[in-house]
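Please read the following briefing alongside the sequence and the model.

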Amino acid sequence: MWANKRAGPPAVGPQKRLIIKGLRAIPALPENYKTDTLARLQSAIQAIQLSQPTPQGLEELYRDCEGLCLHKFGSDIYAMVQAELGAYTRQRLDEINHLSDASVGGSVLELTTQFWVGYTQQLDMIKCIFLYLDRTYVLQSANVASLWSMGLNVVRRCLVDTDIKSRLIRLVLGEVAKERDGKSADQTSVKCLVQMFVDLGLYSQFFMPSLIDATRDYYVKESRRLVGSLVATQPAEGPRPTNSASAMSVPQYLTHVKLRIDEETQCAALYLSPGSKAPLLSTILAELVEKHTERLLTTSFDAMVDAHMLADLANLYSLLSSVNQLDALKRYWAVYVKKVGLRLVQAPELDVGLVSDMLAMKQRLDDVMKSAFQSNSMLAHALRDSFEDFINSRRSKPAQVTAKFIDQSIRSGNRSTADEDIDSLLNRVVVIFRFIHDKDLFEAYYKRDLAKRLLYNKSVSADTERSMVQKLRMECGPGFTKRLEGMLRDMDFTSDLDGKFTNLQEAQEANNIGFHVSILTQAFWPTYEPMPLTIPRNVELAQEQFVQFYSEKHNGRKLYWQPNLGTCLLKVSFDEGPKELSLTIVQGTVLLLFSEHDELSYQQIQENTGLEDVELMRTLQSLACGKYRVLAKEPKGRDVAGTDVFTFNAAFTSPQARIKIGQILLKEAEKESKEVEEHIQLDRMYQVDAAIVRILKARKRLDHTALMTELLSRLKFNSTSAEVKERIETLIERDYIKRDDADPSLYHYLA
């Protein structure tokens with residue numbers, strides 16, 4: 001617990017008392033104390049202003065100031081100091097102002113600089129002497145500025161009340177103009193006087209507006225002189241001197257502007273207030289770039305992109321971005337891309353290399369986007385839109401040539417190319433494919449080419465085929481690649497099934513002719529017209545054997561044979577020795593007839609094979625009139641007639657042990673393309689019909705404009721108004737929909 005301690009009793013002893021008595025008389029100040037003290041302080045200020053030693057020591061002067069302040073004479077001291085500073089400042093500035101701009105004793109700028117440097121040093125010493133005044137009277141009095149602020153205000157009033165302010169600003173701006181012209185300028189005076197304007201609070205109100213106006217006038221004249229004489233852009237141009245009077249190209253002008261910006265930035269950092277840089281550069285860019293944007297772009301933008309002048313294009317982008325003129329750059333960029341693209345797409349003679357040209361163009365423009373335009377999203381969007389516009393300006397052709405280009409890239413002839421290079425190329429082609437509207441047409445062409453590669457084993461690799469289909473799936477979804485994926489599955493299934501059937505054939509050596517079959521699902525593969533062909537008996541037996549084998553594993557399925565899609569390998573004995581001939585089934589069937597007959601007429605061959613004239617003529621032409629003539633015909637010639645007679649050419653020679661004899665290609669490329677397009681148009685017609693019926697079934701009634709808007713938003717391909725109107729008329733005739741009796745533009749759904 002706490003103990004409660006109390007003080008003990010007071011000590012016993014005599015007590016002392018403190019007695020305070022009043023002054024017998026109030027002390028009086030010495031006579032003339034105030035006057036003499038102020039005079040000493042005034043003399044000290046004048047000595048400081050004349051750069052002379054003070055009559056008294058600084059500590060004594062400080063005590064004099066303190067004594068006056070203690071006796072309530074602070075206001076008198078303050079008024080005396082202010083009067084002395086004002087008189088000195090007016091005298092010095094008047095002397096300077098009466099001199100010429102460049103007098104014998106020094107220029108006005110130099111003398112003003114000397115005055116300001118000396119004045120601030122003097123003011124600093126005076127402030128030390130009168131420090132007690134600053135800490136007492138000034139702090140205790142309202143609306144009384146500190147000695148430093150009062151000293152600056154004295155100079156400020158002298159400058160504002162006289163014309164020397166305007167003269168100093170004019171002279172400073174003259175030095176700035178000299179530096180812009182590449183001449184020698186008094187940077188020390190400019191820097192000091194600019195700082196004086198800042199300290200006096202005159203910078204923003206008086207100096208900065210004058211600087212902006214002078215800068216604008218200077219660069220208005222320069223831009224008119226340079227832009228007015230711009231010449232066409234030439235590749236590999238060198239920079240011109242900053243003040244060159246000769247004509248400039250746009251790249252040289254842009255380099256000049258960048259140099260000007262760098263120079264002005266350095267000058268602003270050297271002697272201007274930190275807040276001056278932005279408005280100064282904004283004024284310069286407005287006069288040199290913003291007001292001449294259209295002229296700069298019109299004169300040389302296309303030529304700069306054509307010449308791949310990335311550094312100059314980067315300058316252009318940087319400058320236009322700084323003046324918010326990227327919309328103009330976007331407009332010219334889009335026009336350029338469309339113009340160059342249309343020259344490629346609209347020229348039929350360039351169809352062979354169209355995709356290669358578009359890939360090169362896309363790569364070049366992507367380089368511009370990345371290296372010059374900093375991958376700006378607005379310009380990238382304009383690039384995509386422009387590509388999409390010019391690619392689809394010519395219906396069907398881009399889809400066809402893109403599919404053909406992919407076919408040539410994946411064919412086995414490119415096996416020397418690394419898989420990584422092929423994959424990189426396909427990725428770039430997919431970018432082009434992304435812009436194509438007629439993707440259903442592309443799918444039809446691609447499917448035909450894929451079928452040939454798979455059936456004739458012409459692919460670089462199965463992995464490459466799957467990779468390409470996967471890329472298309474990622475772009476368009478599983479519905480787009482369903483049939484393509486089905487074709488690949490068919491080939492995988494065929495490989496497994498063929499292996500089992502081969503084992504069966506090897507067990508029956510008596511009839512083993514190396515018979516291989518590809519099972520194709522009809523819904524996935526292109527439609528092929530059946531070809532009448534009487535195949536050899538041993539092939540027919542192998543075919544029947546496979547049908548039995550397949551039926552045992554897949555009961556209920558029916559097989560339709562397409563011999564025109566197959567190939568065969570025949571071992572043929574010539575006088576030179578045995579050769580292996582790689583032929584189509586049709587070629588092999590015709591050639592096998594000569595194993596039993598030495599000579600056959602055209603009619604006899606047709607009777608034994610059942611082939612039509614067109615197919616038989618091109619087959620005999622490939623065997624008897626081509627590069628490898630394993631048959632001889634009479635009469636000789638490059639064409640086959642119905643009266644010709646053919647014999648086996650036992651004297652045929654070739655250094656190759658295996659020879660591939662290609663079938664003569666019919667000139668049916670245009671016909672095949674036309675059939676593909678007609679098939680696609682038929683599919684599109686059904687899709688339009690179904691979409692119209694679905695829309696009206698949901699809405700019950702709809703006007704023509706609303707129907708067109710919703711229909712075109714649902715369709716995945718381009719369709720014209722005329723085509724849609726034709727389908728509407730067909731649906732009206734078939735009683736799916738009807739027109740309103742009162743309003744022909746209104747349609748009703750018929751249940």
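**Cysteines, rings and helix packing**

Cysteine 267 is buried, with a relative accessible area of 12%, where buried means under 20% relative accessible area, exposed means over 50% and partly exposed lies in between, for a 1.4 Å probe and protein chains only. This is a predicted model, in which local features need pLDDT of at least 70 and side-chain atom pairs count only at pLDDT 80 or more, while totals for chains, interfaces and linings use all residues. Residues are numbered from 1 along each chain as its sequence is written, and side-chain values use heavy atoms, with hydrogens and water left out.

**Cysteines**

- The count of disulfides comes to 0, a disulfide being a pair of cysteine sulfur atoms within 2.5 Å.
- For cysteine 267, the closest cysteine sulfur belongs to cysteine 192 and is 17 Å away, which is too far for a bond.
- The sulfur of cysteine 65 has its closest cysteine sulfur in cysteine 69, at 4.1 Å, and this is also too far for a bond; cysteine 65 is buried, with a relative accessible area of 0%.

**Aromatic pairs**

- There are 27 aromatic pairs, counted when the ring centres of Phe, Tyr or Trp (its six-membered ring) lie within 6.5 Å, with planes under 30 degrees apart called stacked, over 60 edge-to-face and the rest tilted.
- In one of these pairs, tyrosine 203 and phenylalanine 207 have ring centres 5.4 Å apart and planes at 35 degrees, so the pair is tilted.
- These two residues, tyrosine 203 and phenylalanine 207, are 4 residues apart in helix H9 (residues 203-227), a separation of about one helical turn; helices are DSSP runs of H or I with at least four residues, strands are runs of E with at least two, and both are numbered from the N terminus.
- Tyrosine 203 is buried at 6% relative accessibility, and phenylalanine 207 is buried at 1%.
- Phenylalanine 501 and phenylalanine 546 form an edge-to-face pair, with 5.0 Å between centres and 90 degrees between planes.
- That pair links distant parts of the chain, since phenylalanine 501 lies in helix H21 (residues 478-507) and phenylalanine 546 in helix H22 (residues 537-553), 45 residues apart.
- Phe501 and Phe546 belong to one aromatic cluster that also contains Phe515, Phe549, Tyr550 and Trp561.

**Helix H5**

- In helix H5 (residues 131-140), the buried residues are Tyr132, Leu133, Asp134, Thr136 and Val138.
- These buried residues of H5 pack against helices H2 (58-70), H3 (74-97), H4 (108-129) and H6 (147-161), with contact meaning heavy atoms within 4.5 Å.
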